[in-house]
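Work through the exercises below with the model open beside you. Each task is followed by a stepwise solution.

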Amino acid sequence: MISSDVIRGYNDTFILYLLLDGESYGYEIAKNIRKLSDEKYIMKETTLYSAFTRLEKNGYICSFYKDETQGKRRTYYRITPEGLAYYHEKCAEWLITQEVVNKFIKEL
Amino acid sequence: MDTIIGYLNNMFAALPKTAQIEGVKQDLLASMEEKYRELKEEGKTENEAVGIVISEFGNIDELMEELDIAVEGEEGILPVLAPEDTWDYMVAKKKAGFMTGIGVMLCLIGPALLILLHVLAETGFLQGILSEDAAGILGVVALLILVALAVGLFIFSGMMLENYKYLHKGFNLPHHLRSEIQQRSSAYASTYTLSLVMGVCLCVLSPVPVIAESLINNDSSGYGVVLLLSLIAVAVFLFIYYGNIKESFSFLLKEGEYTREK
């Protein structure tokens, strides 16, 4: 299990990635993060909703309501063009981060 | 599921109830509900499902930071009371209560004295010392002096509490200090009750002299009224003095009427 401290800077990236293919809602995103990470990373509920708030504040995602079949209203999120640009930025940043960190990793 | 709702309500209890926060709370609840349902479908027991959902909830501070809720910060700005300030405040409050109590007492004793002098002159007790007119004038002068004294006391006690006005803007009480005040407060409870009972008894009994007087001799001369006023004066003093001490406790502990609205 990955500690949340290590991955903090990339929570936004995960969420944006999952919105690339279309809109989604909180629990679905949480579940997909868990699945794609092979259960190695479970994003805490508050982390997820903090990220939603932050991303929306920065204009990277927008939210809207959708009525579900059971009559419940659910908040959905969609990525904005700014969000997409930010996603690319983060991807580029990760490549560099990876490259740098790898220079200090040695198999013993 | 009730456990989860209770947990969430608990986590949000201290937060302001704005539309944005309510919305986030509903979203969180929906997420947790769905997770819970899926876990149950996977064959987890009630306890396991609730445990997993709650353990994956996370830290509410993280969310508050993002929502710009400065609950912590706001608390930080409030002065933290030092023990000396707290005891000083309590002493000042007690003294102010004493002075206000005496002041109100003087206001009641003034008319009592006026009546007493009048009655004494009328019944001839003051013959050779004071004429009836002089007694009347003396009574009025005494009343005015007592009222003036009382007003002085009111102003002085008000000024004494002025120094502690900042406390009304809010303060934080360190934990150990709070428990100490709590202890003193509960120790004081019986004294307060006793003073209250005595005060009420005095008020109830205050008409007795008037009734007794009219029973003894038909043309009641007014001594009864003097006694009535005196008894009420003592009762009022008890209410104000002990009430002020009690108030200082409830104020510091933010109990009763000083409960802070959330």
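**Exercise 1.** Is A:Y10 buried or exposed?

*Solution.* A:Y10 has a relative accessible area of 13% and is therefore buried. The classes are buried under 20% relative accessible area, exposed over 50% and partly exposed in between, with a 1.4 Å probe and protein chains only.

A note on conventions: this is a predicted model, in which local features need pLDDT of at least 70, side-chain atom pairs count only at pLDDT 80 or more, and totals for chains, interfaces and linings use all residues. Residues are numbered from 1 along each chain as its sequence is written, chains are lettered from A and ligands numbered from 1 in the order in which they are written, and side-chain values use heavy atoms, with hydrogens and water left out.

**Exercise 2.** Describe the surroundings of A:K90.

*Solution.* Start with the element. A:K90 belongs to helix α5 (residues 81–102) of chain A. Next, accessibility: A:K90 is buried, at a relative accessible area of 9%. Then the neighbours. Residues up to four places away in sequence are not counted; A:K90 touches A:G9, A:Y10 and A:T13. Finally, the polar atoms. A polar atom of the A:K90 side chain lies 3.1 Å from the backbone oxygen of A:G9.

**Exercise 3.** Which side chain of chain B makes a polar contact with the side chain of A:R74?

*Solution.* First place the residue. A:R74 is in strand β3 (residues 73–79) of chain A. With 15% relative accessibility, A:R74 counts as buried. Now the partner: the A:R74 side chain makes a polar contact of 2.9 Å with the side chain of B:E34. A polar contact is a pair of N or O atoms within 3.5 Å; within protein, one must be able to donate a hydrogen and the other to accept it, and residues adjacent in sequence count only if both atoms are side-chain atoms. Beyond four places in sequence, A:R74 touches A:Y25, A:F64, A:Y65, A:K66, A:E68 and B:E34.

**Exercise 4.** Summarise the fold of chain B.

*Solution.* Count the elements: chain B has ten helices and zero strands. Take the burial next. Of the 262 residues in chain B, 37% are buried. Then the contact range. Among contacts between residues at least 6 apart in sequence, 78% join residues at least 24 apart.

**Exercise 5.** How do the axes of α9 and α10 of chain B cross?

*Solution.* Axes are lines fitted to C-alpha atoms, for helices over the stretch in contact, and angles run from 0 to 180 degrees between N-to-C directions. Helix α9 (residues 208–216) and helix α10 (residues 223–253) of chain B have axes that come within 7 Å and cross at roughly 165°. The two helices are therefore roughly antiparallel. Angles under 35 degrees count as roughly parallel, over 145 as roughly antiparallel, 65 to 115 as roughly perpendicular and the rest as oblique.

Now the residues. B:P209, B:V210 and B:E213 of α9(B) meet B:Y223, B:G224, B:V225, B:L227, B:L228 and B:L231 of α10(B).

**Exercise 6.** Repeat the analysis for α6 and α8 of chain B.

*Solution.* The axes of helix α6 (residues 83–122) and helix α8 (residues 175–205) of chain B come within 11 Å and cross at roughly 30°. So α6(B) is roughly parallel to α8(B). B:P83, B:T86 and B:W87 of α6(B) make the contact with B:L177, B:E180, B:I181 and B:R184 of α8(B).

**Exercise 7.** What is the phi of A:D38, and where does A:D38 lie?

*Solution.* A:D38 has a positive phi of about 55°, although it is not a glycine. A:D38 lies in the loop between α3 (26–36) and α4 (45–57) of chain A. A:D38 is exposed, with a relative accessible area of 54%.

Key:
Helix = DSSP H or I, 4+ residues; strand = E, 2+ residues; numbered from the N terminus. Contact = heavy atoms within 4.5 Å.
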